[in-house]
Amino acid sequence: MYDLLRDVPGWVSPVGRQDRDTSGLLLLTNDTQLADAVTDPMSHPPNSYRVKAATLLTDAQLQALRDGVRPDHGPTCPAQVERLRGGA
């Protein structure tokens, strides 16, 4: 990623991070107040993910995501979950 910034004048830093095996927008800024506001847990900026599953998730699996799950690295917060497509 930093290769793309060679010609950018001044200093920029990523705000947040990308999770493993994901794609999407990563915000870069030289505005430290903006970076603090976006990453401060007290501001609760929402994350949005579109997930493709290998199989159709059951209603119980979707409800588990809504309730919050406990992967190895710690619990997740409850989430708003919406099925976008119902096919295989």
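**Figure 1. Ala-35 is a buried residue of helix 1 in a predicted model.** The relative accessible area of Ala-35 is 16%, so it counts as buried (buried means under 20% relative accessible area, exposed over 50%, partly exposed in between, with a 1.4 Å probe and protein chains only). Helix 1 covers residues 32–39. Helices are DSSP runs of H or I with at least four residues, strands are runs of E with at least two, and both are numbered from the N terminus. Beyond its neighbours within four places in sequence, Ala-35 is in contact with Val-15 and Thr-29 (contact means heavy atoms within 4.5 Å). This is a predicted model, in which local features need pLDDT of at least 70, side-chain atom pairs count only at pLDDT 80 or more, and totals for chains, interfaces and linings use all residues. Residues are numbered from 1 along each chain as its sequence is written, and side-chain values use heavy atoms, with hydrogens and water left out.

**Figure 2. Ala-35 and Ser-23 are compared in sequence and in space.** Twelve residues separate Ala-35 from Ser-23 in sequence. From C-alpha to C-alpha, the two are 20 Å apart.

**Figure 3. Thr-29 is a buried residue of strand 2.** Strand 2 runs over residues 27–29. Thr-29 has a relative accessible area of 9% and is therefore buried. Leaving out neighbours within four places in sequence, Thr-29 is in contact with Trp-11, Val-12, Ser-13, Val-15, Leu-34 and Ala-35. Val-15 is also in contact with Ala-35.

**Figure 4. The side chain of Thr-29 has a polar contact with the backbone of Asp-31.** A polar atom of the Thr-29 side chain lies 2.9 Å from the backbone nitrogen of Asp-31. A polar contact is a pair of N or O atoms within 3.5 Å; within protein, one must be able to donate a hydrogen and the other to accept it, and residues adjacent in sequence count only if both atoms are side-chain atoms.

**Figure 5. The chain around these residues has two helices and two strands.** Along the sequence, their pattern is β-β-α-α. The radius of gyration is 17 Å, well over the 12 Å that the globule rule gives for 88 residues, so the chain is more spread out than a compact globule (the radius is taken over C-alpha atoms, and the rule is 2.2 Å times the number of residues to the power 0.38). Of the 88 residues in the chain, 6% are buried. Along the principal axes, the C-alpha atoms fill a box of roughly 50 × 30 × 25 Å.
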